[in-house]
Amino acid sequence: WIRQGAVRHAGKAVRARDRVVGGEQIVVEAQFEPDHSVGAELLPLDIVHQDRDLLVLNKAAGVVVHPGAGNREHTLQNALLGHDPALACVPRAGLVHRLDKETSGLLIVARTPEVH
């Protein structure tokens, strides 16, 4: 974003080498392109809470959160994209943290880039 001029201080684009001393207000006008590298799948989700900003999911043990080597499909990220295709515009389909495959628990999903 710095190279694209999307990071500004006092109305001017900053450079990576510019120093800050503290207390400055930095504005980041981030643009996120939709990420279609992960496919959407209609898989069941245990949604504990949902509003316009967040989803809270109950992840069962044995479920992989992000696609990776040997797990390109049937992940929580695939299911999220099937549930809400707009999440393709949010980094990692809104997942702000992860749990290991064999760990169960609640996961928070940001539904917009601003919340992420």
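Visitor: Let's start with one residue. Where is Val28 found?

Guide: Val28 is in strand β3, which covers residues 26-28. Keep in mind that this is a predicted model.

Visitor: Is Val28 buried, partly exposed or exposed, and how do I read that?

Guide: Under 20% relative accessible area is called buried, over 50% exposed, and what falls in between is partly exposed. Val28 comes out at 43%, so it counts as partly exposed.

Visitor: Which residues make up the nonpolar surface patch?

Guide: Trp1, Val20, Ile26 and Val28 form that patch. Together these residues have about 380 Å² of accessible area.

Visitor: On to charges. How many salt bridges are there?

Guide: The idea is to look for a side-chain nitrogen of Lys or Arg within 4 Å of a carboxyl oxygen of Asp or Glu. By that rule the count is 3.

Visitor: Which residue does Arg15 pair with?

Guide: Arg15 meets Asp18, at 2.7 Å from N to O. Arg15 has a relative accessible area of 47%, so call it partly exposed. Asp18 is partly exposed too, at 31%.

Visitor: And which residue forms a salt bridge with Arg98?

Guide: That's Asp100, with the closest N and O atoms 2.8 Å apart. Arg98 sits at 48% relative accessibility and is therefore partly exposed. For Asp100 the value is 45%, again partly exposed.

Visitor: What about Arg111: which side chain does it meet in a salt bridge?

Guide: Asp84, at 2.8 Å from N to O. This pair links distant parts of the chain, 27 residues apart. Arg111 lies in the segment after β6 (105-110), while Asp84 is in the loop between α1 (76-83) and β6.

Visitor: Why does Arg111 count as buried?

Guide: Because its relative accessibility is 18%, and the cut-off for buried is under 20%. Asp84 is buried as well, with a relative accessible area of 13%.

Terms used: Residues are numbered from 1 along each chain as its sequence is written. This is a predicted model: local features need pLDDT of at least 70, side-chain atom pairs count only at pLDDT 80 or more; totals for chains, interfaces and linings use all residues. Side-chain values use heavy atoms; hydrogens and water are left out. Patches are made of residues with over 30% relative accessible area and no salt bridge: like charges are joined within 9 Å, nonpolar side chains (Val, Leu, Ile, Met, Phe, Trp, Tyr) within 5 Å. Accessible areas come from the Shrake-Rupley method with a 1.4 Å probe; for residues, only the protein chains shown count as cover. Helices (H or I, at least four residues) and strands (E, at least two) are DSSP runs, numbered from the N terminus. Buried means under 20% relative accessible area, exposed over 50%, partly exposed in between (1.4 Å probe, protein chains only).
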